[in-house]
Amino acid sequence: MLENIRLSFKGIWSHKMRSFLTMLGIIIGIAAIIAIVSTIQGTNEQIKENLIGSGDNTVKVALYQGDWTYEMGYEGSPKGVPVIGEDALKEIKNIEHVVDASVYLSRNDYGGVYYLNTTLSGGYVVGVDEHYFDTCSFIIQKGRGFTQRDYEEYRKVALLDKDSADALFQGEDPLGKTIEIKKEPYIIVGIVAKSQAFEPVINSIEDYYTYSQDAAGRVYVPDATWPIIYQYDEPQNLVIKVDSTDAMTNAGKEGANILNARLSTDDETLKYKAEDLLEQAKKIQELGDSTNSMLIWIAGISLIVGGIGVMNIMLVSVTERTQEIGLKKAIGAKKSNILGQFLTEASVLTSMGGILGVVSGIVLAEVISRVSETPVAISVPAAIGSVVFSMVIGIVFGMLPSYKAANLDPIEALRHE
């Protein structure tokens with residue numbers, strides 16, 4: 001085998017230009033497939049990252065009425081929807097892969113939050129429990145967080161994120177200042193931020209509407225003071241933190257099942273549902289699957305063309321080396337020896353084309369990324385698989401020339417001019 005490989009490289013090197021032109025179809029096909037797969041994976045990872053965010057591995061569970069989140073009216077919390085108590089939280093925290101869980105309330109308060117004459121337009125007011133900031137991976141950038149006494153004594157204190165602080169105070173230090181939420185005074189005690197900064201990539205108006213909610217400013221208050229602002233008990237939301245991104249879907253579904261088991265409402269449309277971000281990402285990714293598959297098949301055609309080129313050049317090689325084959329047979333070479341030599345030469349030729357194709361595909365993917373600002377993710381399995389596949393092409397398309405060489409009559413071969 002090693003001798004066959006050595007002879008194969010010697011033959012390729014002695015006909016450099018012919019060998020390169022023979023490999024060109026393989027190189028182009030493999031390069032196209034690597035570039036397409038890398039771009040697809042990069043785009044899919046971007047979609048996944050945009051939806052999930054900075055990687056805090058949290059999934060939200062909210063009360064839905066039909067296909068939409070429950071909208072609060074003036075009647076308060078619907079009958080039969082209990083408060084999420086410590087027993088429910090304990091059961092949820094015992095779910096496999098769950099690290100922590102927290103309850104919160106949230107409202108998009110149009111014009112209800114203001115400082116002096118400045119209004120927080122489109123911002124959110126969020127009532128949080130003691131575990132919320134740890135669960136969602138927030139850090140205190142300035143000032144302090146909520147203390148146990150803030151909850152016990154119903155203190156009207158608030159925390160802002162950067163967006164709400166910039167919108168309300170426009171560069172002024174907010175600590176110690178008083179804002180009004182539904183005409184209730186709240187003192188700003190701190191500024192919070194995600195522990196990992198993240199900005200989604202916005203490439204279209206659809207992306208904007210998908211991610212704009214997360215970019216809106218937020219004002220956080222202790223959930224104990226929520227009835228002071230809004231007067232009514234409201235359905236709580238749940239946020240679950242898990243130890244890996246892949247565990248988010250199952251943890252969210254199990255958390256929703258635990259809360260639904262505690263519902264006693266006659267309204268069958270009221271159900272807790274998990275925000276399945278991985279499923280959303282999967283649906284978006286599937287939209288381009290048919291196009292991507294078609295592109296890969298088109299690129300695969302060039303591999304077939306390259307294989308036919310290999311078959312053609314190997315047939316030419318058999319004709320050129322007819323006397324050499326006759327001499328080898330005359331001194332005792334078996335059919336299997338001749339067959340192995342030509343199959344090895346064909347597979348070495350296409351394997352070299354595969355390797356050059358992978359390198360070219362990586363370079364092409366990087367060029368596409370820089371020109372179109374599209375993310376890429378090089379797939380190692382795809383690269384290895386491409387080289388192996390190119391070797392298989394060499395064996396398949398080299399079979400006919402090799403079989404022809406192995407079955408040459410040694411006497412007729414020696415007489416060949």
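Mentor: Buried means a relative accessible area under 20%, exposed means over 50%, and partly exposed is in between, with a 1.4 Å probe and protein chains only. The model is predicted, so to speak of local features we need a pLDDT of at least 70, with side-chain atom pairs counted only at pLDDT 80 or more, while totals for chains, interfaces and linings use all residues. Residues are numbered from 1 along each chain as its sequence is written, and side-chain values use heavy atoms, with hydrogens and water left out.

Trainee: What share of the residues of the protein counts as buried?

Mentor: The secondary structure comes to 15 helices and 13 strands, where helices (H or I, at least four residues) and strands (E, at least two) are DSSP runs numbered from the N terminus. Among contacts (heavy atoms within 4.5 Å) between residues at least 6 apart in sequence, 81% join residues at least 24 apart. Of the 417 residues, the share that counts as buried is 44%.

Trainee: Which is Val59, buried or exposed?

Mentor: Val59 has its place in strand β1, and six of the eight residues of that strand are buried, so β1 is largely enclosed by the rest of the structure. Leaving aside neighbours within four places in sequence, Val59 is in contact with Leu238, Val239, Ile240, Met248, Gly252, Ala274 and Glu275. The C-alpha atoms of Val59 and Leu238 are 8.3 Å apart in space, although the two residues are 179 apart in sequence. With a relative accessible area of 3%, Val59 is buried.

Trainee: Which residue in β12 stands opposite Val59?

Mentor: Two strands pair if DSSP finds at least two bridges between them, and β1 and β12 pair in the antiparallel sense over four bridges. The residue of β12 that stands opposite Val59 is Ile240.

Trainee: Which residue is the bridge partner of Tyr64 in β13?

Mentor: Five bridges join β1 to β13, and these strands run antiparallel. Tyr64 also stands opposite Thr69 in β2, while in β13 the bridge partner of Tyr64 is Lys271.

Trainee: Which residue in the turn of the β1 and β2 hairpin has a positive phi?

Mentor: β1 pairs with strand β2 (residues 68–69) in the antiparallel sense over two bridges. Their hairpin has two residues between the strands, and the one in the turn with a positive phi, of about 75°, is Gly66.

Trainee: Which residue of β9 is the bridge partner of Val113?

Mentor: Two bridges join strand β4 (residues 113–115) to β9, and the two run antiparallel. In a regular strand the side chains alternate between the two faces of the sheet. The bridge partner of Val113 in β9 is Ile181.

Trainee: Which residue takes a positive phi in the hairpin of β9 and β10?

Mentor: β9 is joined by four bridges to strand β10 (residues 184–194), with the strands running antiparallel, and the bridge partner of Thr178 in β10 is Ile187. Two residues lie between the strands of this hairpin, and the residue with a positive phi, near 55°, is Lys182.

Trainee: What distance separates the C-alpha atoms of Val380 and Ile34?

Mentor: Val380 is found in helix α14 (residues 380–406). Because the relative accessible area of Val380 is 54%, the residue counts as exposed. Val380 and Ile34 are 346 residues apart along the chain, and their C-alpha atoms are separated by 9.6 Å.
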